[in-house]
Amino acid sequence: MNVKVTQEIIDSNRRTFIDKVIKGTIGGSLMLMIPMSSKLFGEVLSEEATLKNTINPMNLKANYCFMVDVSACIGCGNCCVADRKENNVPEGQYRTWVERYVIDMMNQIYVDSPNGGEKGYANTPLHETIKEVKEAFFVPKLCNMCDEPSCTQVCPVAATFTTPDGFVLVDKEHCVACGYCIQACPYGVRFINEETKTADKCTWCYHRVRKGKLPACVNACPTGARKFGDLNDPQSEVFKIYHSASRLRVLKKDLGNEPQLYYINLHEEVV
Amino acid sequence: MDAGMLQYVFPNDTHAHWTLMIVIYPYITGVVAGAFIVSALAHVFKVQSLMPVAKFALIFALSWLLFVTAPLLNHLGQPQRALNMLFTPNYVGPSMMAGFGYIYMSYSILLIFEILIIYRYELVLLKERSNGLKKVIYDVLTLWTNDKSIEGRKFDHKVAFVLAAIGIPLASSLHGYVGFIFGAVKTVEWWFTPLMPIIFLLSASVSGIAGMILFYILIKKFTNKVDEIQTDTIKTLVKLLWTFFIFDFLFEMLEIAVHAYGGTQGWHHVSGLLSGPLAWSFWTMQVTTLSIIPFFILGYLSLVKVSRKVLLIVAPIVSLMLLIQVLFMRWNVVIGGQLLAKSERGFATYHPLMFEKEGILVTAIMLIAPIVTLWLLSKIFPLWESPCDKELLH
Ligand code: SF4
Ligand code: SF4
């Protein structure tokens with residue numbers, strides 16, 4: 001059942017999928033089929049990143065935004081694997097994860113994310129009480145890089161801060177690990193890194209972006225479900241989507257955090 | 001639409017991050033603030049029946065104050081950087097937690113000065129009668145003065161009055177502020193209410209007063225000085241406790257009643273919490289056993305003429321119940337709020353272990369330490385009213 005759903009989604013996205021493979025998201029798509037050594041994977045990634053890069057690393061006036069196209073995500077988990085490698089995230093902690101939503105004919109909603117979706121969903125059976133599936137989709141989650149971040153507001157030592165180009169980051173040399181930001185973030189993206197013993201979270205790969213590369217997860221996504229770019233750059237994909245008729249939505253809008261992470265075709269069931 | 005049968009919490013949000021340490025941190029702060037209020041009632045508002053415990057209240061507050069930071073430091077992942085909160089505070093946010101550092105510091109300084117001034121004359125007298133290490137300690141505590149003049153004492157009196165008067169808003173803000181640390185977190189529906197600082201303040205007063213009744217009677221019993229217990233003092237404290245507790249309990253219930261009546265989405269999560277993971281600790285313990293029962297007992301003690309014997313048995317028991325009530329309240333707030341998963345589809349978990357770093361044993365030690373400290377402090381500061389305290393009044 002699950003494989004079938006996945007297959008359908010792949011089919012519907014086949015065009016973009018093949019497009020990506022041809023254009024060079026080779027690392028990502030190969031990951032679906034064969035296990036690769038981390039070294040080779042890393043090389044493919046960085047080479048590819050410079051190829052499709054439209055980011056000007058020196059532009060501090062950029063208005064970066066992240067977009068997730070829910071209808072394009074196939075739940076493969078490549079993004080999560082790439083993220084863990086790129087950022088040395090300890091096992092059991094998550095900078096990004098992929099959730100699976102399944103809605104049955106009774107409108108019951110089943111959500112899960114075993115291992116943060118890192119191992120993909122091909123071998124994860126559906127909940128046993130699900131008889132017939134009405135709808136199923138995957139939702140990648142990561143830091144929303146809020147314009148009004150509640151995490152920076154509460155941090156007692158200003159170890160969590162916003163960069164001039166709009167990234168919310170943590171200074172791990174200064175963080176006292178009080179955990180207040182973890183309470184304050186509405187999206188549950190923060191954790192105390194068990195190795196550094198300081199607050200940690202997704203950075204949208206700031207270190208890569210400042211070098212003109214794409215975030216590791218965007219790079220690894222075989223379907224283009226994850227998009228990143230500058231909203232001030234009319235050439236960027238995000239600009240075009242932002243100014244098109246696409247339905248964009250942010251998470252937990254009512255809380256007033258003003259996320260810069262937009263979802264395309266997001267279902268209202270998603271929190 | 002149905003919330004779904006499958007519980008789902010975000011992968012970083014499966015357990016409470018703030019542990020037992022953050023449960024006892026507002027607890028300890030609360031006892032400090034509550035005890036101070038008793039001493040202020042005596043020193044500023046001249047409530048005569050509280051005079052016998054006015055000094056005890058200060059030392060009692062100090063013994064708890066010394067342990068306010070212990071659970072915090074034990075909880076921080078980087079305790080060696082704790083002072084960053086004072087040196088590089090986040091004033092842009094501004095961070096409520098950073099502000100606490102300053103209030104705590106100011107209050108500590110004030111309390112210590114208040115104690116030194118109120119005790120100054122008595123310590124000078126004690127210094128004359130002691131020798132060795134004790135004399136050195138008294139020398140330091142009196143700042144090397146031997147002034148016994150009546151003018152000097154009158155001056156002390158004035159300063160103590162002013163300090164106590166400043167101390168009232170400061171002690172109140174100390175604890176109201178702790179409530180703000182929780183009440184300002186908009187992401188946790190169980191915390192996010194303007195009533196939080198008020199509830200914290202009132203429950204602080206309850207725990208402080210209850211603690212004083214309990215230990216006043218216990219210490220006198222253990223030192224075989226039951227006769228010295230002033231019935232009047234206990235009665236006043238009991239009435240005070242009842243009054244504060246009525247307001248405390250009223251606001252605790254009001255908060256829930258308004259939410260429940262409003263029936264917003266947020267309330268659906270909170271009601272799931274109250275009928276689920278918090279059902280026992282909130283309804284059975286905090287509300288029924290430890291609030292409703294003490295409410296009637298205190299009412300009885302306050303309104304009906306009871307014999308001294310009954311008073312001295314029942315008052316400490318009901319005080320102990322309220323001390324535990326406040327502890328349950330802290331647990332239900334601090335842990336309860338974190339159990340509400342941010343996925344809005346279930347609950348996180350928290351099961352403290354006996355021997356972990358922030359576990360039950362360490363918590364117990366931190367709650368016993370102030371009592372041991374009180375005993376140590378009593379070796380230096382006489383806890384009770386001495387004849388010299390009354391001299392000045394006549
Ligand atoms: S999603 Fe959370 S961690 Fe990221 S900026 Fe917003 S509040 Fe901060
Ligand atoms: S855990 Fe670190 S970054 Fe988060 S609020 Fe505390 S000091 Fe700031």
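The model is predicted, so local features need pLDDT of at least 70 and side-chain atom pairs count only at pLDDT 80 or more, while totals for chains, interfaces and linings use all residues. Residues are numbered from 1 along each chain as its sequence is written, chains are lettered from A and ligands numbered from 1 in the order in which they are written, and side-chain values use heavy atoms, with hydrogens and water left out.

Helix 11 of chain B spans residues 279-303 and bends by about 35 degrees at B:Met285 (helices being DSSP runs of H or I with at least four residues, numbered from the N terminus; the bend is the angle between axes fitted to the seven residues ending there and the seven starting there). B:Met285 is itself among the buried residues of this helix, as are B:Phe282, B:Leu290, B:Pro294 and B:Leu298 (buried means under 20% relative accessible area, exposed over 50%, partly exposed in between, with a 1.4 Å probe and protein chains only). The cover over the buried residues includes helix 9 (231-262), helix 10 (265-275) and helix 12 (308-339) of chain B.

As for helix 9, its axis and that of helix 11 of chain B come within 9 Å and cross at roughly 145 degrees (axes are lines fitted to C-alpha atoms, here over the stretch in contact, and angles run from 0 to 180 degrees between N-to-C directions). Residues making this contact include B:Trp242, B:Phe245 and B:Phe249 of helix 9 and B:Phe282, B:Leu290 and B:Phe295 of helix 11 (contact means heavy atoms within 4.5 Å). By class, the contact holds 16 nonpolar, 4 polar and 3 charged residues (Ala, Val, Leu, Ile, Met, Phe, Trp, Tyr, Cys and Pro count as nonpolar, Asp, Glu, Lys and Arg as charged, and the others, Gly among them, as polar).

Over in chain A, the shell of ligand 2 includes A:Cys155, A:Cys175, A:Cys178 and A:Cys181 (a heavy atom within 4 Å qualifies a residue). That shell has 9 nonpolar and 2 polar residues, and no charged ones.

Helix 5 of chain A (residues 78-87) is largely enclosed by the rest of the structure, because 8 of its 10 residues are buried. Among them are A:Cys79, A:Cys80, A:Asp83 and A:Arg84. Just past this helix, A:Asn88 takes a positive phi of about 50 degrees.

Back in chain B, B:Lys135 sits in helix 6 (residues 133-141) and is partly exposed, at a relative accessible area of 34%. Leaving aside residues up to four places away in sequence, B:Lys135 touches B:Lys127 and B:Ser130.

Key: Helices (H or I, at least four residues) and strands (E, at least two) are DSSP runs, numbered from the N terminus.
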